Amino acid sequence: MTGRSPSTSSDDRARPDVAVVGAGPIGLAVAWRCAARGLRVVVHDPASGSGASAVAAGMLSPVAEAYFGERQLTALLLASAALWPTFAAELTEATGAELGYRTDGTLMVGLTGDDLAEARRLWAYQQELGLPVTPLRPTELRDHEPALAPRVRGGALAPTDHQVDPRLLVPALRTAARRAGAVLVPQPVRHLSEVDARVTVVAAGCGAAALTGLPVRPVKGQILRLRAPGGVAPGFRHVIRGYADGEPVYLVPRADGEVVLGATVEERSDTTVTAGAVQRLLRAGVDLLPELAEYDLVEAVAGLRPGTPDNAPILGPLPGRPDVLAATGHHRHGIVLTPVTADLIAGLVTTGVPDPLLAPFRPDRFDSDAPASVGAAGSGAPAGADRPDSTMEEDRWS
């Protein structure tokens with residue numbers, strides 16, 4: 001979709017090949033991949049790293065996030081998760097930065113008999129897809145995590161579901177993009193006519209709706225951050241996801257002692273932290289891991305995920321605008337989908353040929369005459385609320 005003809009004028013040669021609107025993980029990763037291909041890249045965002053990525057938990061969970069009616073989305077999640085080890089290694093090599101990338105795996109648990117029955121229904125579906133889910137008896141579960149409450153009735157292990165720290169990821173991506181030659185412009189984009197480039201990539205999260213007219217809506221998520229006393233590592237190493245008396249919850253341990261506890265899923269557009277949400281999250285978290293009652297509560301924050309009608313991202317050229325590519329609507333999955341989104345969009349920019357993986361997620365699927373969409377809105381995802389987003393940042397809490 002780009003090219004450099006020798007007959008072009010000097011003014012045209014100075015024009016960027018690619019303008020990326022939004023400097024969250026998605027936008028920065030696209031910019032990095034495009035600049036690494038030798039393209040002239042400009043990234044527009046007034047406050048890179050100040051939105052969704054500052055709130056996200058960073059779960060890389062294609063297995064635990066595999067929900068009924070979302071098979072094509074699950075395939076994309078699996079493809080991107082498979083890229084993460086190499087993506088993380090390349091990013092660390094390019095920047096020397098620590099990303100908090102951990103491969104301890106994820107435990108999915110149910111506190112009560114009803115919780116376990118609900119969880120087993122989902123695990124059975126995930127196993128039908130051939131995903132690596134190993135059911136565990138209570139004794140086996142505590143062999144993995146002795147700190148789990150005795151009341152926990154059972155669980156399952158998803159060993160290939162990992163994690164990364166978005167608060168480390170975004171600065172690393174920003175550094176990598178700059179070192180590859182991308183220029184960051186700390187200014188907002190109010191209208192696409194303000195952007196002058198051969199190709200514009202809109203990676204603006206919820207802000208993509210106003211810029212493109214795409215059906216991207218804010219989905220509020222509230223999240224807590226705790227810290228183990230004494231500055232030691234948390235008393236558990238796996239990501240823990242599950243139900244506690246019907247309340248979906250996840251707990252993500254960091255090596256520095258932080259624990260991310262989340263998250264609500266609310267069809268609202270405010271970022272107010274409410275007492276009720278904090279109470280529910282803390283109760284569910286302590287029910288699963290009693291030691292959390294002694295941890296410090298250091299942050300309570302809310303963010304906005306960019307949701308779509310079918311819960312799947314919007315990737316590819318706008319209808320009638322081949323020079324404008326969408327990379328938005330990742331909802332719960334922004335962090336895990338960062339590598340595959342960056343590669344697919346950068347490949348489309350450089351070759352003009354869409355990868356077959358893009359087909360189910362193209363922007364025109366919401367048109368009345370387009371093929372059926374890829375996901376199932378309202379899939380009842382138990383613990384998938386993990387990626388808020390801001391007007392300029394694409395991130396979904398996973």
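Reply: Happy to! One term first: two strands pair if DSSP finds at least two bridges between them. With that in hand, Thr 200 stands opposite Val 324 in S16. Keep in mind that this is a predicted model.

Me: Which strand pairs with S16 there, and in what sense?

Reply: That is strand S9 (residues 199-202), which pairs with strand S16 (residues 321-328) in the parallel sense over three bridges.

Me: What sheet do they belong to?

Reply: An open sheet of six strands, in the order S8-S2-S1-S9-S16-S15, with mixed pairing. Strand S8 (183-185) and strand S15 (314-318) stand at the edges with a single partner strand each, so one side of each has no neighbour in the sheet. From one strand to the next, the twist averages 20 degrees.

Me: And which helix packs on that sheet?

Reply: Helix H9 (residues 338-351) does, touching strand S1 (18-21), S9, S15 and S16. The direction of H9 makes about 175 degrees with that of S16.

Me: Let me zoom out for a second. How many helices and strands does the chain have?

Reply: Nine helices and 16 strands. The chain has 398 residues, and 58% of them count as buried. Looking at contacts between residues at least 6 apart in sequence, 79% join residues at least 24 apart.

Me: OK, what about the sheet with eight strands, what order are they in?

Reply: The order is S5-S6-S4-S11-S12-S13-S10-S14, in an open sheet with mixed pairing. Strand S5 (134-136) and strand S14 (296-307) are the edge strands, and each pairs on one side only. The twist here averages 20 degrees from one strand to the next.

Me: Let's stay with S13. How many bridges join S12 to it?

Reply: Four bridges join strand S12 (residues 247-253) to S13, and the two run antiparallel. Within that pairing, Pro 253 has Val 259 of S13 as its bridge partner. S12 and S13 form a hairpin with four residues between them. In the turn, Gly 257 has a positive phi of about 105 degrees.

Me: And S10, in what sense does it pair with S13?

Reply: Strand S10 (residues 217-227) pairs with S13 in the antiparallel sense, over five bridges. Arg 225 is the residue opposite Val 260 in S13.

Me: What does S11 do in all this?

Reply: S11 is joined to S12 by five bridges, and they run antiparallel.

Me: Why does Val 259 count as buried?

Reply: Because its relative accessibility is 0%, and the cut-off for buried is under 20%.

Me: What is Val 259 in contact with?

Reply: Leaving aside neighbours within four places in sequence, its contacts include Leu 224, Arg 225, Leu 226, Phe 236, Leu 251, Leu 292 and Tyr 295.

Me: Switching to helices. What do the buried residues of H4 pack against?

Reply: They pack against helix H3 (71-95), strand S4 (106-110), strand S6 (154-158) and strand S11 (239-244). Those buried residues are Asp 115, Leu 116, Ala 119, Leu 122, Trp 123, Tyr 125 and Gln 126. Just after H4, Gly 130 takes a positive phi of about 80 degrees.

Me: How far apart are the end C-alpha atoms of H4?

Reply: They are 22 Å apart, which agrees with the 22 Å that the 16 residues of helix H4 (residues 113-128) should span at 1.5 Å a residue.

Me: Last one: how do H3 and H6 cross?

Reply: The axes of H3 and helix H6 (residues 166-179) come within 9 Å and cross at roughly 65 degrees. The crossing is left-handed. Among the residues making the contact are Trp 84, Phe 87 and Leu 91 of H3, with Leu 169, Ala 172 and Arg 179 of H6. The residues of this contact divide into eight nonpolar, two polar and one charged.

Terms used
Residues are numbered from 1 along each chain as its sequence is written. This is a predicted model: local features need pLDDT of at least 70, side-chain atom pairs count only at pLDDT 80 or more; totals for chains, interfaces and linings use all residues. Side-chain values use heavy atoms; hydrogens and water are left out. The expected span of a helix is 1.5 Å times one less than its number of residues. Buried means under 20% relative accessible area, exposed over 50%, partly exposed in between (1.4 Å probe, protein chains only). Contact means heavy atoms within 4.5 Å. Axes are lines fitted to C-alpha atoms, for helices over the stretch in contact, and angles run from 0 to 180 degrees between N-to-C directions. A crossing is left-handed if the near helix is turned anticlockwise from the far one by less than a right angle, and right-handed if clockwise. Ala, Val, Leu, Ile, Met, Phe, Trp, Tyr, Cys and Pro count as nonpolar, Asp, Glu, Lys and Arg as charged, and the others, Gly among them, as polar.
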